[in-house]
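Take a moment with the sequence and the model before reading on.

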Amino acid sequence: MATFKEEAIVLRAYDLGEADRILVLLTSGSGIVRAVAKGIRRTKSKFGGRLEPFNRVKVVLHRGRNLHTVTQVEVIDPHPRIREDYRRYLFGEAVLETVEKGLEEGQVIPRLYPALCVTLKAMEEGPPLPLAAAFMLKFCALVGYRPCLERCLHCGGSPAGERLAIDLEEGGFICADCLSSDANRGRINHLPARVVSRAERLLKQELRQTTEEEEVDLECLALAVDFTERFLGRRLRGARIALGNASKGTEAGTR
């Protein structure tokens, strides 16, 4: 078919030429799609502000060899409260970046699109930091790199002690006995047990039920970013900016 319809979330938009814009979309049925919105930067563009990042939309796309072309668009939810709050915006950007950098074009991951929809909706009212951490951990799980945090990766033993060794290379917890027998394996982070426990709860919990636990959420987000970057083999610039901003806020609050 020359044209097709999709529901999508706009992940990123960047300028092309004098009037056009290239869009990166996560669609409900076709995974990551790249498309051009022609004339969108002109004052009288028929698209207006309907194709901005965070917008959940219905689009009609004309198939192209390298880029599809947007011919129609209808906004379902623009998520205005994310745009209006700088902190929510930063964490929202981290979530969108994770999806964009984590998938190849056309790669379809079951349950990812609804998970992103739920995350963005929840982020308008709920705590953005743990929601970002939860989404990134769930993203890793959905694409095949679920962090193993309840049992030792090697012997299956349960976590014990106040600090736990997390192997980012292999993707999970390693007990003291297994760690001592192969201390140089992978990249090891030593984290408080309560942070690891919190990350495991976020993995299992429904996104809509995410609440805030201020004393551990910042470290939990750092763990989620480390896991995701290690898996993707790419630096998540937006996630690092959000993490740095949250760290500064925490430091200011303790003075």
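Is C175 buried or exposed? C175 counts as buried, because its relative accessibility is 11% (buried means under 20% relative accessible area, exposed over 50%, and partly exposed in between, with a 1.4 Å probe and protein chains only). Before going further, note that this is a predicted model, where local features need pLDDT of at least 70 and side-chain atom pairs count only at pLDDT 80 or more, while totals for chains, interfaces and linings use all residues. Residues are numbered from 1 along each chain as its sequence is written, and side-chain values use heavy atoms, with hydrogens and water left out.

Back to the cysteines. You'll find 0 disulfides in the structure, a disulfide being a pair of cysteine sulfur atoms within 2.5 Å. C117 has its nearest cysteine sulfur, that of C140, 19 Å away, and is in no disulfide. Like C175, C117 is buried, at a relative accessible area of 11%. For C175, the nearest cysteine sulfur belongs to C178 and sits 3.6 Å away, and C175 is in no disulfide.

Now for the helices. Helices (H or I, at least four residues) and strands (E, at least two) are DSSP runs, numbered from the N terminus. Two packed helices are described by the angle between their axes and the distance between the axes. Here the axes are lines fitted to C-alpha atoms, for helices over the stretch in contact, and angles run from 0 to 180 degrees between N-to-C directions.

Start with helix α2 (residues 86-102) and helix α3 (residues 112-125), which pack at an angle of about 175° with their axes 10 Å apart. That makes α2 roughly antiparallel to α3 (angles under 35 degrees count as roughly parallel, over 145 as roughly antiparallel, 65 to 115 as roughly perpendicular and the rest as oblique). On the α2 side, R88, F91, G92, V95, L96 and V99 meet L112, L116, T119, L120, M123, E124 and E125 of α3, where contact means heavy atoms within 4.5 Å. By class, this contact of α2 with α3 has 8 nonpolar, 2 polar and 3 charged residues. For those classes, Ala, Val, Leu, Ile, Met, Phe, Trp, Tyr, Cys and Pro count as nonpolar, Asp, Glu, Lys and Arg as charged, and the others, Gly among them, as polar.

α2 also packs with helix α7 (residues 214-232), at an angle of about 20° and with the axes 11 Å apart. So α2 is roughly parallel to α7. In this pairing F91, T98, K101 and G102 from α2 meet L221, T228 and L232 from α7. The contact of α2 with α7 has 3 nonpolar, 3 polar and 1 charged residues.

Next, look at I82 in helix α1 (residues 80-84). I82 is buried, with a relative accessible area of 0%. Leaving aside residues up to four places away in sequence, I82 touches F54, R88, Y89, L120, M123 and E124. E124 is 42 residues from I82 along the chain, yet their C-alpha atoms are separated by 5.5 Å.

One of those partners, F54, is worth a stop for its backbone. Most residues other than glycine have a negative phi. F54 has a positive phi, near 90°, and lies in the loop between β3 (31-37) and β4 (56-62). F54 is buried, at 0% relative accessibility. H79 also has a positive phi, near 50°, and is found in the loop between β5 (68-77) and α1. H79 is buried too, at a relative accessible area of 2%.
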